[in-house]
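Trainee: I would like to learn how to read a helix and a few backbone angles in a model. Please show me the case.

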Amino acid sequence: MSLSFLDETAHRPWPLPSRRWVQVQEWHDLLFAHWPLEPAKLVDLLPKELELDTRDGQAWVGVVPFRMVGVRLRGMPALPRLSAFPELNVRTYVRHEGRPGVWFFSLDAASTLAVRVARAWYGLPYFHARMMCEERRGTWFYASERDGGGKPASFRGWYRPT
């Protein structure tokens, strides 16, 4: 399979990594829910080298529930009960040296192994949570209750694509 589209990088604010990819993952059934906030309420929560990215004078906090599927290291098979799990990200939009990015306040996952690996390898603020993600008659239902460190956090929501 040709990956010539990877050679087209002019639209990217960041260069592609120089080393080979090491992990496979698919994201399914995502919901991108956003709420506007006054920038002053978020700016002190970011590292000093990041600038809050705003639109129409507002900062935006996103809550993104989804299902991870086929999570595995390159060349390895997906393992039952380890390679698929729900995840919930809480994030905002930032800029670094003028280039856009995303800052994760927290990432909750229903996989203890994924939480441990992501914290150790990537230094990301992952937390273990009891989670549910299911589809009923075209509507997706999500529930998350953090149970592994960090501040208590929970989420309940549903959506139907239109």
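Trainee: Which strands do the buried residues of helix 1 pack against?

Mentor: The buried residues of helix 1 pack against strand 5, strand 6 (99-109) and strand 7 (126-136); contact means heavy atoms within 4.5 Å. Helices (H or I, at least four residues) and strands (E, at least two) are DSSP runs, numbered from the N terminus. This is a predicted model, where local features need pLDDT of at least 70, side-chain atom pairs count only at pLDDT 80 or more, and totals for chains, interfaces and linings use all residues. Residues are numbered from 1 along each chain as its sequence is written, and side-chain values use heavy atoms, without hydrogens and water.

Trainee: Which residues of helix 1 are buried?

Mentor: An α-helix has 3.6 residues a turn, so residues three or four places apart point the same way. In helix 1 (residues 112-122), Ala-114, Val-115 and Ala-118 are buried (under 20% relative accessible area; exposed is over 50%, partly exposed in between, with a 1.4 Å probe and protein chains only). They lie on the same side of helix 1 because they cover an arc of only 100 degrees around the axis, taken from the directions from the helix axis to the C-beta atoms. Exposed Arg-116, Ala-120 and Trp-121 sit on the face turned away from the buried side.

Trainee: What is phi for Glu-97?

Mentor: Most residues other than glycine have a negative phi. Glu-97, not a glycine, has a positive phi of about 50 degrees. Glu-97 is in the loop between strand 5 and strand 6, and counts as exposed because its relative accessibility is 67%.
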